Amino acid sequence: MNSLTYKDSQTLTSSDIENLALRFGGKREDYIEIVNKQKNIQTINKYALLKEINNELNAAINPCHSE
Amino acid sequence: MQRIFVKGIKGGLGSTSVVANLACVLKKSHVNVIAIDLDPKSDLGLHFGLPWKSTKGWSNEVNFEDVLLHFHQDSDGVIFLPFGDINVDQNDIAHIVNNCKKLDCPQNSWFLFDCPSYIDLAHLPLEPNDIVIELINCDATCHSLIYKRLKKLKSTDSSWKHYFLVNRYNSASVLEFDLFSLWQSTLPLMAPFFINSDEVIKESTAYRNVALNCAPYSIANDDFETLAGWLVSKAAL
Amino acid sequence: MSFTIFYNRPIHSTLYILLSILFTDKLVRYILFKFHSYFNQHKVNVIEAFLMPFITLFSSLFINIKKNKLDFELVLYSYYPHLRLPYRTYVYSNIIRFIIQSLFLMFFKNRLKESSYSIKETAVDYFYNRVSYVLRQLRWFDLKLGKLIRRLLSKNKKAPKKSAFKAMSEARIWQNKLIKYLTLAFIFFLLAIFITIPFSLEAQAVFISFILIVAYALKRVKGQMATIVMITLSVTTSSRYLWWRYTETLNWGDPVALTLGAGLLLAETYAWLVLILGFFQTINPLERKPIPLPKNTDLWPTVDVYIPTYNEPLSVVKPTTLAALSIDWPADKLNVYILDDGKRPEFGEFAKEVGVGYLTRPDNNHAKAGNMNSAMRYTDGEYIAIFDCDHVPARSFLQMTMGQFLKDSKVCLVQTPHHFFSADPFERNLNNHSQIPNENMLFYGLIQDGNDMWDATFFCGSCAVLKREALEDIGGFAFETVTEDAHTALRMQRAGYKTAYINIPQAAGLATDSLSAHIGQRIRWARGMAQIFRLDNPLMGKGLSVPQRLCYINAMLHFLSGIPRIVFLTAPLALIYFNAYIIYAPFLAIFIYVVPTLIQIKATNSRIQGKYRYSFWGEVYESVLAWYILKPTTVALFNPNKGKFNVTEKGGLNDEEHYDWGISKPYLILLIINLLSILVGVSRLVLGDPSQIGVLIISMGWAIYNIIILGAAVAVAAEARQVRHSHRIKANFPAGIRLANGHTLKVKITDYSDNGVGIETEHAHLCRVNDKIELLMSRGNKQFSFTTHVCNTRKKQIGLTIKDLSLEKQRAFIQCTFSRADAWLDWQNNFRHDRPSYSFKEVQKTSLRGFSNLLFHAPRPLQPIIKFMTNIVIYVNSFTPKKPIVHNNYD
């Protein structure tokens, strides 16, 4: 159990921010990954289905992070 | 005891192989793992090296005492229970899930349930500590299904921990990349990582094994380790 | 032995018969056999060949030759590896080598490992044990001393956990001005007594050796307190030394010596001033940590990123722009602008394509400062981040820096270090990239952090964020000098703003690519500093605190180092050539004052700067620049308005290896007169007045030191070839590849450049050249995939090229590589703490390289002489004792 508790993948999820925080104090959580809202809007507009769903749910879904 | 329910948001998303590999990773970190096949396809056994001719499972038995006879153990030490070849209804599934609690096993055991995609979560006896992983692929159908699922989750009071996990992700595809970026930044309940599409997952079944044993150097291996680590951090154990 | 042989070889047979009279048949045959082998095979002359078997036979009465024979050869070979082969041809020189080596072996334990022990060996062991016992005793004493000091110091520390230093400085008592000044006056009074009280020679010797012992013991003690004690000791000894120099060592009787002596004394005063100011500057580096930003990004301010460019190619500006665009900052609050003074249409197109601003202006007045001032008219961000067009920012740049502004509204500048991923000319020509801290490192690693403590961080023109409000307050970037950056910061500080430095490399760029360009850049800085000194003297004027003024003065003094450095490089010549007593004191006094003081200062500096600048390298760097910054600083001091801004050229390459004679000329001259002085010195030692021997030896020692430094300086001038067009950057982060057949592999990225990646796998990969591979790299939670082609494979290494990426992919590639938040973090951690002896050895090595470079590149007519001289040196060197060769038992 212990061997897994803090084990993070070595390949793709080991993050540069983690390294930064490790070396210079501060916490990883202090760093804020920026959401590129414009890119998201672009993506939604690019695909017709996504656009439709988005329009339908416009009021219902409130974009937020959970994890 | 931690219970994990893995299901695809639709059929054919590879939930069985995710369960098999996850079970294997967890077992390798020396916890007790019990995988239970709730899918009438009854193919979980294939991943664990169950002989092809053996078709019986829990659905063939009426009493739970008799079900005990159908538990097998694979070469890595994962204990698993095949489905069998009898048709059952949702109540039977709920029944067997409940019965598994009666098993006498160590406190830190993990139960992995391979659920069929059509199963209604509301019919399962889910508890607040249970984790439901709903597999998705980066395609438009899943996009629509996710939003339907979110709607449903919101309307019913779902007390369990529900997560979406992207399986078979291929970042070279523009659509997949776009969808994944969008989901990751807008969807709640998204797992913060994904399982990469990898030939070895397919191949390993053909070799009667799991990806973990076939290709320890593959990214898939790492992905499952990440998944396991993340689950441990979410678990209530 | 049949009689047919008798007829064929009469002499042989006669000999055989004669010998048979004296020896048994077996021995006779042995003698003849040996004789033949010596005579025919080893080409020994007749008499020796005939005598040799007898010698062997005779000695065999005492030694078991058969048993020792093999051993003997082995021993000879391993203990005397430098004896010339064949031994016989070089009998006489080999004898000398043998004797020297034997002496060496006797006194230093160099025994090879052996399994058996005889009585003789135990005796030898006993001898060595006695020697090492004495050494151990000394070490024990040394250890005790260290412990004692440590205990003394830790006692002080025990009281409050908070640093004693801080507690003292924050005590309420200092609120009372009178007490504060009285205490200060008292301290200075004490110090003055310590410095000025004249000691007899013996007393000085005791005093200085006591200080040295304390300093030596402190070597083992870690922590700020010990450093401060070291600094205090150094200040005392160096001040005492200078006082002694001023009061007792000027030769008023001899006008030549007086003038030269005064010159040296002034140079020493300069060095002392720089030393004291340097101590002050770096006594307590702040080491500021980043301050996290509020979680709500709506509260974050707007930032403009300026990328000024003039004549750099688009390929240099491109990565910077793409990286600037992907800094982690809300897109609507981040505006990137290319400020193109070159007014090139392709830049405009590129800017439009990627969606950044493109600003030009009608004129090119005031160079970079003017460019940015003009841009400020068109943009309106609350903060301005500036990157030279070749500095690729990390994505975390703004989040690491902006917190300072939000915490304290008076902060107007946050500077981060300049890091260079390519080797600077020093590193390249000396081939010590990332082995020895480079010239920059002292400044960005230590001095800026020290400056920050005193709120005197310098603005370095790039990799920094400024507050627009503060800039507008002082009328935009200062353009009166050629170093607009330092001047701008100075003005803002005068206006009451605070500056900050964060020692986290968050951007990296190309270093200057040739020594002449490097020197050109330093000349510009030197000139700029001199201009600021004249136009806006930080000592004068209002708004600055005393420590700020001192920090600025130190920075400026640093650039005036030209004249003093040249004085130091020539000072010992005065005595050797002109018999001018520039330090008018008896030999013993000089020895007692100079040497320990130097040791003490070197030790202190090594302690403070150890991680950022190795001992003696400062002298090398300074020596290279000395001659060249001498003129521009002097000119600028007298006529500050002269001189224009020249752009530092970067990103080019040297097509072929060449020797920059032009640049090394002044050092060649210095080197030659120093070398000649050694010859003169030696001849004077032999022929001259015996009373001068001591002083002569000191002068010659100094001259030899100068020669070593100059040799290293000359070594820099040999321009090495730059092979790669795009610089490969060493890296170590995980990634993945997906092969054409759908299989994936975990890999490690070992290096990258803007068109290629080097990866390493732990496993067999079966990749072939020209295979198409998907490279999977991640940034945060996002995975990007790049189509690459295998260009070479070696065991576990694969080289991948990346071609024709779309702009979007290029951007992603930059995000995953150059602008990783941790891309440049390793630069300071790679270096061990300085060890002066090691460092000096390195300088010596470099110096030797310099000499060999000189010889190698020397003009043709000189070659025979050089060859002759080198042969002599090689020959002499062959006599020096060598370490025995160690065999392991399995050979």
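This is a conversation about a predicted model of a complex and how its computed values are read.

Student: What makes a residue of chain B count as buried, and what percentage of the 237 residues are buried?

Tutor: A residue is buried if 20 or more other C-beta atoms lie within 10 Å of its own, and by that criterion buried residues make up 50% of the 237 in chain B.

Student: Which residues does the contact between chain C and chain A take, and which elements of chain C contribute?

Tutor: The contact takes 24 residues from chain C and 20 residues from chain A. On the side of chain C that touches chain A, the elements giving two or more residues are β13 (729–738) and β16 (772–779), and the residues of that side divide into eleven nonpolar, seven polar and six charged.

Student: How do you know where to read chain C with caution?

Tutor: Chain C averages a pLDDT of 84, with 89% of the residues scoring at least 70. Over residues 112–116 of chain C, however, the pLDDT is below 50, and this stretch has four contacts beyond near neighbours in sequence; residues 157–162 of chain C are also below 50, with five such contacts. Where pLDDT is low, the predicted coordinates should not be read in detail.

Terms used: Residues are numbered from 1 along each chain as its sequence is written. Chains are lettered from A and ligands numbered from 1 in the order in which they are written. This is a predicted model: local features need pLDDT of at least 70, side-chain atom pairs count only at pLDDT 80 or more; totals for chains, interfaces and linings use all residues. Two residues are in contact if their C-beta atoms, placed from the backbone, lie within 7 Å. Helices (H or I, at least four residues) and strands (E, at least two) are DSSP runs, numbered from the N terminus. Ala, Val, Leu, Ile, Met, Phe, Trp, Tyr, Cys and Pro count as nonpolar, Asp, Glu, Lys and Arg as charged, and the others, Gly among them, as polar. A residue is buried if 20 or more other C-beta atoms lie within 10 Å of its own, exposed if 12 or fewer, and partly exposed in between; C-beta atoms are placed from the backbone. pLDDT is the predictor's confidence in each residue, from 0 to 100.
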